[in-house]
Amino acid sequence: MDNAFGQPQNVVVLGGSSDIARAIVRKLCAARTNTVVLCGRNQDLLDAAAAEARDYGAATTETVLFDAEDPGNATRVVAEALAKVGGPVDLVIVAVGLLGTQSEMEDDPEAAARMITVNVTWPVAALTELRARLVAQGRGRILVISSVAAVRVRRTQYLYGGAKAGLDRLCQGIADSLEGTGASLQILRPGFVRSKMTTGQREIPFTTGVNEVAENTLRGLATGERIIWSPPILRYVFFVLRHLPATLWRLLADR
Amino acid sequence: MNRVRLTGWGRTAASLATLITPTNEDEVAAALSGEVIARGLGRSYGDAAQLAGGVVLDNSGLDGVSSITSEGLVTVGAGVSLDDLLALSIPQGWFIPVTPGTRQVSVGGMIGADVHGKNHHRDGSIAAHVRALRIVTPVGTFETSPTHEAELFWATMGAMGLTGVVTSVTIQMMRIETDQVIVDTDRFDDLDAVMSEMKSGDDRYHYSVAWVDCMTRGRHMGRAILTRGEHASLSQIDEPHLRSPRPARLTVPLDAPSGLLNPLSIRAFNELWFRSAPRHERGEAQALSTFFHPLDGVRDWNRLYGRRGFVQYQFCVPDERSEAIVEAISRLSASRVPSFLAVLKRFGPATPAPLSFPQPGWTLALDLPVGPDKLPGTLDELDQLVLAAGGRVYLAKDARLAPATFAAMYPGLDDFLSVKARVDPEGHLTSDLARRLHLGFPHG
């Protein structure tokens, strides 16, 4: 059960080996979380994340294997993960995602479609199942990891940014639909984060590490705000960027 | 079947449940086929009377009050409020032997929390004055008392509804001659002074409570106002009456902005409160409700804490570890977590109830607005301080304790669980609190 401070005890992570998700789980376990169910496609990475969660205070960890390229398995994965919690789930972190290298994908229809499958279709299938289950549960929260890339799509990353934009907008609708059900959904929009996903990429202003993102996330989970920005100042930066004329945006974003 | 959003008095960690209002024991029994918890007037501060996705039984339909016998015995439906009971009993010269700080509690809720009052050092908790309890459990209905089905009787006291649904309670009331209390007030400039006066002098008074300022640092840390009193006899009052308490005249109509109660405003309030108290006053006559239920003057005062709500932290420690009280107050004042005047009391002997909170020594209760980043960690540290001192945290106030800490604080837990296993073998009686604390929860 979530306590008065919004600290969850039971947590499920879809995309459990994501660096950002792992950083969040570490902080949650250091506070109150004692059961963690990690779902992902690589057992070794999940085991490593599970060991880490235990090091930080979790008493019970479980793993579920799945491949996000097959949205047909989403219902099964959600059902299996929630069953492994062994009681009502407090928080589900949706951290499934694929960044990829745009230049290698933009002329390849299959690769482009895969970006949408992994970043949008699979998560939305899972969220649909989760939504119904949390509404029945009368309580529980979902945290979806989106990106500032969703706020304004860049030419050099339009597959990733466009996919996140789709997920982000869908989640805003799901969040609205959860009002009054006891369940809720929050969206995390990190800026550029140093992680294995972004290794080798050029850093841009307001770049942070995963621990800072996790700190901002825990604060957002405590306040319950709909959209959690990390770092928080990006809320204002992207308010401006979103309204720039296209020529100016290209000059800025595609440097 | 309507699903409603429920929270405790602290208005944190809401969940949705199906609310049913049974009007008799058959309807209660019918509702025990799935996960369920009883709820009274929602004055527990945390998540004790809510159950996400389950059934919550509003006990207000279990009403009815017997006539009061010449010996002062009264049998009351669990859904009757203390306010209603006192409105009937005071004009007949009977008072409740133990009252919490509000009349807006149900009698069933008083049992669930095993409430205590300003007279615990003399009279113990409400459990000591209950002569019989009717409890509907998943395996049947029990008529219990300290001599019959005593194990279930005691396991139910302070168990926050987790053994079954209390439907009626027989209480031994106490005689009063007037509706006034004769009050002595003393102001102390630091914590040591008030604690030593309470330790040596409380036995001379029926009722005693101190309000402690936890925000002043340095020499005046823990300055306090001690009020102690006795029921007024006929000879002490010029025009004695036995009148029912007045209803609240003020109400908080909407949620205050979350920042209204901040360190600055709370410090100012504490300062005003402290300075407005007399240094020494003797023999002041106060109405029962003024003395016992000061907060009932303002309805919905919990809304002052804004959307994010507040937690109350109440713990007790044995006499020989009274330094834990000093340490707790000094840590809170050092962490600059804002807190309203805290309530300090002495506890007398405990009952045999395994989950009942009071044990001999000291108890301190603090109201803390949710918000400061430091608050969750500070309270976690206080838990460890209290645990190391052989103390515990009160379930009726709790909204954030961790399961392992709770289990360590209540050594009677196994006794409780064995009774629960007998009357609730499938674990149907549960709550958000029980799930959070793994209290009889099969997935513990």
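# Notebook: cores, domains and the A–B contact

I started with the largest nonpolar core, which has 123 residues, and looked up the members that touch the most others: V107(B), I111(B), V169(B), A210(B), V212(B) and A224(B). For my own record, a nonpolar core is a set of buried Ala, Val, Leu, Ile, Met, Phe, Trp, Tyr and Cys residues joined through C-beta atoms within 7 Å. Buried stands for 20 or more other C-beta atoms within 10 Å of a residue's own, exposed for 12 or fewer, and partly exposed for in between, with C-beta atoms placed from the backbone.

A note on provenance: this is a predicted model, where local features need pLDDT of at least 70 and side-chain atom pairs count only at pLDDT 80 or more, while totals for chains, interfaces and linings use all residues. Residues are numbered from 1 along each chain as its sequence is written, and chains are lettered from A and ligands numbered from 1 in the order in which they are written.

**Which strand gives the most to the 123-residue core?** I found strand β17 (residues 310–317) of chain B, with six residues. Helices (H or I, at least four residues) and strands (E, at least two) are DSSP runs, numbered from the N terminus. Domain 1 (60–176) and domain 2 (180–400) of chain B both give residues to this core, so it lies between them.

**V169(B).** Leaving out residues up to four places away in sequence, I see V169(B) touching V76(B), A78(B), V107(B), I111(B), V130(B) and L133(B). Contact here means that C-beta atoms, placed from the backbone, lie within 7 Å.

**Domains of chain B.** I noted the bounds, 60–176 for domain 1 and 180–400 for domain 2; such bounds come from an automatic or database domain assignment. Taken over C-alpha atoms, the two domain centres of chain B are 24 Å apart. In contact are 30 residues of domain 1 and 29 residues of domain 2 of chain B. On the domain 1 side, the elements of chain B giving two or more residues are α2 (82–89), α4 (120–123) and α5 (150–156). That side divides into 13 nonpolar, twelve polar and five charged residues. The classes are Ala, Val, Leu, Ile, Met, Phe, Trp, Tyr, Cys and Pro as nonpolar, Asp, Glu, Lys and Arg as charged, and the others, Gly among them, as polar.

**Where does chain B touch chain A?** I found 23 residues of chain B in contact with 18 residues of chain A. On the chain B side, β2 (15–20) and α13 (432–436) each give two or more residues. The chain B side holds eleven nonpolar, six polar and six charged residues.

**Chain A.** I counted nine helices and nine strands. The radius of gyration (over C-alpha atoms) is 17 Å, close to the 18 Å that the globule rule gives for 255 residues, so chain A is as compact as a globular protein of that length; the rule is 2.2 Å times the number of residues to the power 0.38. Buried residues come to 49% of chain A.

**L185(A).** I placed L185(A) in strand β6 (residues 183–190) of chain A. L185(A) is buried, with 24 other C-beta atoms within 10 Å. Beyond four places in sequence, L185(A) touches I142(A), V144(A), C171(A), I174(A), A175(A) and L178(A).

**Confidence.** I looked up an ipTM of 0.89 and a pTM of 0.93 for the complex.

How values were computed: Two residues are in contact if their C-beta atoms, placed from the backbone, lie within 7 Å.
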